[in-house]
Amino acid sequence: MEENTNSTGDSIPETTESQWKSDKIDKLASALSKAQSEMKGAEKKSINPFFNSGYADLHTVIESSFPHLTNHGLSVIQGNESRPGEFFITTMLLHESGQWIKSKLKMPIEKVTAQSIGSTITYGRRYGLSAITGIAQYDDDGNAVSPKEGITKNHAKTLITNQGA
């Protein structure tokens with residue numbers, strides 16, 4: 001792999017569209033394993049009124065993962081890219097050693113408005129971060145969601161109360 005240098009003389013690896021990881025990821029894998037062993041998951045603190053269901057929003061996923069990642073020399077960068085008819089969210093997990101992995105998620109956009117694009121970016125970032133760190137959403141009440149009935153009224157009240165706090 002070719003390398004360039006930035007203005008401070010640090011080497012910057014050249015990447016191709018098909019590259020999803022650095023040449024080695026042993027240090028990153030070890031650090032991620034340690035961070036994941038400390039992560040408890042992201043609590044479903046927000047409510048989706050259209051589907052009557054709870055979910056962990058982007059802020060909750062960040063709160064649930066970043067402290068554990070940074071304690072082990074890991075950081076996350078997320079960006080977006082658009083092409084005619086396509087929109088992508090890229091998530092990179094980096095280790096202090098310079099090792100990295102990345103994931104690129106193609107996202108649909110229903111309308112080309114600032115609100116729709118902002119929602120798409122937030123949605124893609126949440127799913128990209130959850131996927132690359134291996135963090136899952138969990139219910140704070142194990143009986144809150146039933147496959148037949150969705151979210152219970154009691155759990156919905158808790159979510160609405162917590163969302164306003």
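Predicted model: local features only at pLDDT ≥ 70, side-chain atom pairs only at ≥ 80, totals over all residues.
Q: With which residue does Lys45 form a salt bridge?
A: Lys45 forms a salt bridge with Glu63, and the closest N and O atoms of this pair are 4.0 Å apart. Glu63, at 42% relative accessibility, also counts as partly exposed. Lys45 belongs to the loop between strand S3 (42–43) and strand S4 (46–48), whereas Glu63 belongs to helix H2 (residues 58–70), so the pair ties together parts that are 18 residues apart in sequence.

Q: How many salt bridges does the structure hold, and which residues are joined into one network?
A: The structure holds five salt bridges. Arg83 forms a salt bridge with Glu81, with the closest N and O atoms 3.0 Å apart. The side chains of Lys104 and Glu81 also meet in a salt bridge, at 2.9 Å from N to O. This pair links distant parts of the chain, since Lys104 lies in strand S8 (residues 100–107) and Glu81 in strand S6 (residues 74–83), 23 residues apart. Through salt bridges that share partners, Glu81, Arg83, Glu86, Lys104 and Lys106 are joined into one network. As for accessibility, Glu81 is partly exposed at 28%, Arg83 is partly exposed at 34%, and Lys104 is partly exposed at 33%.

Q: Over the face of which ring does Lys104 lie?
A: Lys104 lies over the face of Phe88, at 4.8 Å from the ring centre. Another charge of this kind is Lys21, which lies over the face of Trp20 at 5.9 Å from the ring centre.

Q: How many aromatic pairs does a search of the whole structure find, and at what angle are the planes of Tyr123 and Tyr127?
A: For ring pairs one reads the distance between centres together with the angle between planes. The search of the whole structure finds one aromatic pair. The rings of Tyr123 and Tyr127 have centres 4.7 Å apart and planes at 40°, so this pair is tilted. Both tyrosines lie in helix H3 (residues 114–133), and because they are four residues apart there, about one helical turn separates them. Tyr123 is partly exposed, with a relative accessible area of 41%, and Tyr127 is partly exposed at 38%.

Q: Which members of the largest nonpolar core touch the most other members?
A: The general expectation is that, in soluble globular proteins, nonpolar side chains tend to be buried together. Here the largest nonpolar core has 17 residues, of which Val61, Leu69, Leu74 and Leu93 touch the most other members. Helix H1 (26–38), H2, S6 and H3 each supply at least two residues of this core, and the largest share, four residues, comes from H1.

Q: Leaving aside neighbours within four places in sequence, with which residues is Leu93 in contact?
A: With such neighbours left aside, the contacts of Leu93 are Leu28, Leu32, Leu69, Leu74, Ser75, Val76, Gln99, Trp100, Ile101 and Ile132.

Q: Is Thr133 buried or exposed, and how far apart are Thr133 and Leu93 in space?
A: Thr133, which lies in helix H3, is buried, with a relative accessible area of 0%. Thr133 and Leu93 are 40 residues apart in sequence, yet their C-alpha atoms are 8.0 Å apart in space. Not counting residues up to four places away in sequence, Thr133 touches Leu32, Gln36, Met39, Ser65 and Leu69.

Q: What does the secondary structure of the protein come to, and how many of its residues, as a percentage, count as buried?
A: Whole-protein totals give the setting for these local features. The secondary structure comes to four helices and eleven strands, and 30% of the 165 residues count as buried. Among contacts with a separation of 6 or more, residues 24 or more positions apart account for 50%. The protein exposes about 10500 Å², of which carbon and sulfur atoms supply 52%.

Key:
Residues numbered from 1 in each chain as written. Heavy atoms only, no water. Buried < 20%, exposed > 50% of the residue type's maximum accessible area, 1.4 Å probe, protein only. Phe/Tyr/Trp six-rings, centres within 6.5 Å; stacked < 30°, edge-to-face > 60°. Lys NZ or Arg CZ within 6 Å of the ring centre and 35° of its normal. Core = buried A, V, L, I, M, F, W, Y, C linked by side-chain atoms within 4.5 Å. Contact = heavy atoms within 4.5 Å. Areas by Shrake-Rupley, 256 points an atom, 1.4 Å probe, with all protein chains shown as cover.
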